[in-house]
Amino acid sequence: MTALRRSELDFCPVLKELLQTRRGMTRSGDYAHTANISTPNNLITLRNLHLATGAKKTMEVGFGCAGSGLVFMQTHKDLGTLPQRQHLAIDPYQRAPWLDQIGLVAVEHAGLTEYLDLREEVSSLVLPNLVMAKARYDLAYIDGSHLFEDVFVDFYFVLRLLADQGIVLFDDCASPHISKVLRFIRANCASSLREFDLTPYRPAGGKSLKYRVARLLGRTQMVAFQKIGEPDRAWDSPFRNF
Ligand SMILES: C[S@@+](CC[C@H](N)C(=O)[O-])C[C@H]1O[C@@H](n2cnc3c(N)ncnc32)[C@H](O)[C@@H]1O
C-alpha cells in the first residue's frame, strides 16, 4: 500500500491491520489469510461515498473478512449515529471452517458489533424476505458469490431494496459473470438506474493514471448505479440485447 492509502485507512485501525498483515484472527484464536478482502482502493471509495452521502442504512452481500463491513460500520459511527444494527450483511459461510468467524471477530475488536445485522444464509433467500419486510437501504455493496446467476439475483432484489437516489456498487466488475450483469443493467434498466461516477470518491480523487486508463476503457473494478425510479418494466417489455 502507498503511504497515501495507509493514511486514508487511519479511520479504522482494525481494518488497516487486516489489510497490512493480510491476515486476521479467527474465533479459535488462529490467524487466517484475508485473501478475499476488498481492495484498499475500493474500501477507501466506499468510505468516501458513505461519508459524502451520509447513508443511514447500508447493506452488503458477502461479509467475508468484514473489510467492507468495517468501513460501513465505522462510518455510521463517525457520522454520529447511535448503533442500531443499521448495517446489514449477508454471508452463509461466516462459521465455515475456512472463515471461522474472522469477520465477526474483527468487528468485535473494532467495537462495532452493535452496528451489525449479520444474516448467515445465502443472499437469494435473505433478499426476498427483506423485500417482503419492505426494508430500504441507501447504499448497497454486492460482493458475494461471483457467479452470473447469483449476482443477477442479488441485483434484482437489491434494486427493489434501494431507497430513492440510493446507490448500488458492484465489486470485481472485470469478471465476465459480473460484467454480463452490468451489460443487462445498462441495456434494460435505464428507467430505474443511472450510472454513478465514483471518480470523486476514489483515493486521490481518481487522479491515478491506472484508474483513468481503466475508466476510459470501461474496465474499473468497482461500478455503481444510482436509483432514479422503481423498476417498472411491464412483463412484455421489449428485450434489449446486451
Ligand atoms: C469477496 S468475499 C467478500 C469480501 C468482503 N466484501 C470484504 O471486504 O471482506 C465474498 C464473500 O461472499 C460470500 N458468499 C458466497 N456465496 C454467497 C451467497 N450466495 N450469498 C451471500 N454471500 C455469499 C463468501 O462466503 C465470501 O465471504
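A residue counts as buried under 20% relative accessible area, as exposed over 50%, and as partly exposed in between (1.4 Å probe, protein chains only). Helices (H or I, at least four residues) and strands (E, at least two) are DSSP runs, numbered from the N terminus. By these terms, seven of the nine residues of strand E7 (residues 162-170) are buried, so the strand is mostly covered.

This is a predicted model, in which local features need pLDDT of at least 70 and side-chain atom pairs count only at pLDDT 80 or more, while totals for chains, interfaces and linings use all residues. Residues are numbered from 1 along each chain as its sequence is written, and side-chain values use heavy atoms, without hydrogens and water.

| Strand paired with E7 | Sense | Bridges | Bridge partner of Leu169 |
|---|---|---|---|
| E6 (residues 137-142) | parallel | five | Tyr141 |
| E9 (residues 223-227) | antiparallel | four | Ala224 |

Together with helix H7 (residues 148-161), E6 and E7 form a right-handed β-α-β unit. Right-handed here means that, with the strands pointing away from the viewer, the path from the first strand over the helix to the second runs clockwise.

The chain as a whole contains nine helices and nine strands. Of its 242 residues, 50% are buried. The C-alpha trace spans about 55 × 45 × 35 Å along its principal axes.

Notes. Two strands pair if DSSP finds at least two bridges between them.
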